[in-house]
Amino acid sequence: MNRLTFFLTSLVIGISAGVTTLFLLPSDYELLVWAILIITIVGLCIKFFHQKLFWETFLFSITTGATVTGTHLLFIEAYLESHQAEIIMLDAIKILDSYALTLLLIAPIYWLVLGLFSGLLANMFVALNRF
């Protein structure tokens, strides 16, 4: 997979997940969307990346997570309407009196966790399939 295909695939997956969590599924099912997203990322990365599997999966996951956050920020009003539990959390740590800025500042933590978990999971699946 070349870099452009890598980037575009990550964008499409991220936008799809972002729109799904905004407009199609209630926030109660967001964990399910993230589980499907992780499985999809790991599956794609195992199929297309072989030499630097952890790092490629890590970067793919971070790009996807950033795209999901970008989609949420682009439709911030719809996000706030459909994510009441997140509003409570954002109120507790509100920075600069803005939900969008608070979300933007804490989202990279989620991206890193997503990247680390996906990268480790991809390596684990490959290692288990060698036995």
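Axes are lines fitted to C-alpha atoms, for helices over the stretch in contact, and angles between them run from 0 to 180 degrees between N-to-C directions. The model is predicted: local features need pLDDT of at least 70 and side-chain atom pairs count only at pLDDT 80 or more, whereas totals for chains, interfaces and linings use all residues. Residues are numbered from 1 along each chain as its sequence is written, and side-chain values use heavy atoms, with hydrogens and water left out.

**View 1. Helices α1 and α2.** The axes of α1 and α2 lie 10 Å apart and form an angle of about 165°. Helices (H or I, at least four residues) and strands (E, at least two) are DSSP runs numbered from the N terminus. The two helices α1 and α2 are therefore roughly antiparallel, given that angles under 35 degrees count as roughly parallel, over 145 as roughly antiparallel, 65 to 115 as roughly perpendicular and the rest as oblique. Their crossing is right-handed; a crossing has this name if the near helix is turned clockwise from the far one by less than a right angle, and is left-handed if anticlockwise. From α1, residues T9, I13, A17, T20 and T21 meet E30, V33, L37, T40 and L44 of α2. This contact of α1 with α2 comprises five nonpolar residues, four polar and one charged. Here Ala, Val, Leu, Ile, Met, Phe, Trp, Tyr, Cys and Pro count as nonpolar, Asp, Glu, Lys and Arg as charged, and the others, Gly among them, as polar.

**View 2. Residue A17 in helix α1.** A17 belongs to helix α1 and counts as buried because its relative accessibility is 9%. Buried means under 20% relative accessible area, exposed over 50%, and partly exposed in between (1.4 Å probe, protein chains only). Apart from residues up to four places away in sequence, A17 touches V33, L37 and V68, contact meaning heavy atoms within 4.5 Å.

**View 3. Helices α2 and α6.** An angle of about 50° separates the directions of α2 and α6, and their axes are 9 Å apart. That angle makes α2 oblique to α6. The crossing of α2 with α6 is right-handed. In α2, W34, I38, I41, V42 and I46 meet L114, F117, S118, L121, A122, F125 and V126 in α6. The contact of α2 with α6 contains 11 nonpolar residues, one polar and no charged.

View 4. The axes of α3 and α6 come within 7 Å and cross at roughly 150°, so the two helices are roughly antiparallel. This crossing of α3 and α6 is also described as right-handed. Their contact holds 17 nonpolar residues, nine polar and no charged. T57 is located in α3 and counts as buried because its relative accessibility is 0%. Beyond its neighbours within four places in sequence, T57 contacts I41, C45, S118, G119 and A122.

**View 5. The nonpolar cores.** A nonpolar core is a set of buried Ala, Val, Leu, Ile, Met, Phe, Trp, Tyr and Cys residues joined through side-chain atoms within 4.5 Å. The largest such core has 16 residues, with C45 and F60 making the most contacts inside it. Helices α1 (3-24), α2 (30-48), α3 (53-74) and α6 (99-129) each supply at least two of its residues, and α2 gives the most, with six. F60 touches F6, T9, S10, I13, I41, L44 and C45, not counting residues up to four places away in sequence. A second, separate core has seven residues, including I76, A78, Y79 and I87.
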